[in-house]
Amino acid sequence: MTGPAERDEEREAHQVDAGGEGAGGPRAHDAAKIAGDDAARDHQSRVRGSYDAASDAYTERVHDELRHKPLDRALLAAFAQQTQECFGADASVCDAGCGPGHVGAFLAGAGLTVTGIDLSPAMIERARALHPGLTFQVGTMTAIQAGDGRWEGMIAFYSIIHLTSDTEIRAALHEFHRTLVPDALLLVAVHLGDHGDATVHADEMLGVGVDMDFRFFEIEWLAAEITAAGFAVEARLVRTPYPDVEVQTTRAYLLARRAG
């Protein structure tokens with residue numbers, strides 16, 4: 001992780017406002033149900049409260065963003081097609097850190113059966129109102145309330161960015177592996193740090209006061225962690241940001257398949 005001076009530099013460079021990405025993270029309702037040590041529970045509770053506070057502004061900012069992101073749509077469409085080829089037209093997938101449900105809705109439009117989970121109860125309310133035909137529930141990526149092999153695919157679109165410790169990342173990847181059937185696909189999207197792995201703090205997002213951290217990843221490290229969790233990385237892609245559409249950070253996508 002970077003030191004304080006480097007974090008300030010990273011924050012200024014990225015002008016952190018969440019970039020119109022999926023809200024996500026660990027379980028809501030009370031901090032005691034969040035996996036991890038006291039520091040992790042405190043941080044994740046602050047993330048939950050921040051997204052609850054910013055849910056209206058955030059939904060307005062991101063809900064139609066995929067219309068302006070052709071590469072993201074193409075990756076999601078490829079994920080849907082490969083999942084259906086392997087498991088059937090109505091294959092079940094989880095949108096982990098679903099925010100207002102726009103990514104899950106895209107996948108449902110492609111024929112998948114989608115369950116969205118998110119840390120923020122307010123975000124889940126927005127998702128249910130916007131997409132009443134889909135299933136959304138408050139949940140945590142680090143301790144998913146689902147049985148083993150529950151889903152045939154998993155999306156984590158800009159949601160693990162709030163898991164700022166390596167322990168939290170590994171817990172989430174373990175849960176992704178546990179709740180997926182063998183050969184299921186996992187598609188992860190993150191921001192890349194300009195100087196490798198870095199964490200920045202935000203006190204404001206979209207004009208709303210917040211108190212949470214964002215993690216910028218080093219792609220080789222994340223690929224290695226996904227592999228260690230029991231997945232085979234099949235593809236990785238890095239792109240520059242779309243001007244006037246999203247926060248100007250470099251994006252990375254990793255597509256991996258759960259080992260048998």
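Residues are numbered from 1 along each chain as its sequence is written, and side-chain values rest on heavy atoms, with hydrogens and water left out. Because the model is predicted, local features need pLDDT of at least 70 and side-chain atom pairs count only at pLDDT 80 or more, whereas totals for chains, interfaces and linings use all residues.

The chain has eight helices and nine strands, taken as DSSP runs (H or I of at least four residues for helices, E of at least two for strands) and numbered from the N terminus. Of its 260 residues, 56% are buried, where buried means under 20% relative accessible area, exposed over 50% and partly exposed in between, with a 1.4 Å probe and protein chains only. With contact defined as heavy atoms within 4.5 Å, 72% of the contacts between residues at least 6 apart in sequence join residues at least 24 apart.

A nonpolar core is a set of buried Ala, Val, Leu, Ile, Met, Phe, Trp, Tyr and Cys residues joined through side-chain atoms within 4.5 Å. The largest such core holds 40 residues, of which Met 154, Ile 160, Phe 176, Val 188, Val 190, Leu 222 and Ile 226 touch the most other members. Among the elements that give two or more residues to this core are α2 (38–53), β4, α7 (166–179) and β9, while β5 gives the most, with six residues. Leaving aside residues up to four places away in sequence, Ile 160 touches Met 141, Ile 169, Phe 176, Val 188, Val 190, Phe 217 and Leu 222. Another core, of 18 residues, lies apart from the largest one and includes Phe 79, Ala 80, Tyr 158 and Leu 187.

Four aromatic pairs are found in a search of the whole structure, a pair being rings of Phe, Tyr and Trp (its six-membered ring) with centres within 6.5 Å, counted as stacked when the planes are under 30 degrees apart, edge-to-face when over 60 and tilted otherwise. The rings of Phe 157 and Tyr 158, with centres 5.7 Å apart and planes at 80 degrees, are therefore edge-to-face. Phe 157 is buried, at 4% relative accessible area, and Tyr 158 is also buried, at 1%. Phe 157 and Tyr 253 form a tilted pair, because their ring centres lie 6.0 Å apart and their planes stand at 50 degrees. Since Phe 157 belongs to strand β4 (residues 151–157) and Tyr 253 to strand β9 (residues 251–258), this pair ties together parts that are 96 residues apart in sequence. Tyr 253 is buried, with a relative accessible area of 2%, and ring pairs link Phe 157, Tyr 158 and Tyr 253 into a cluster.
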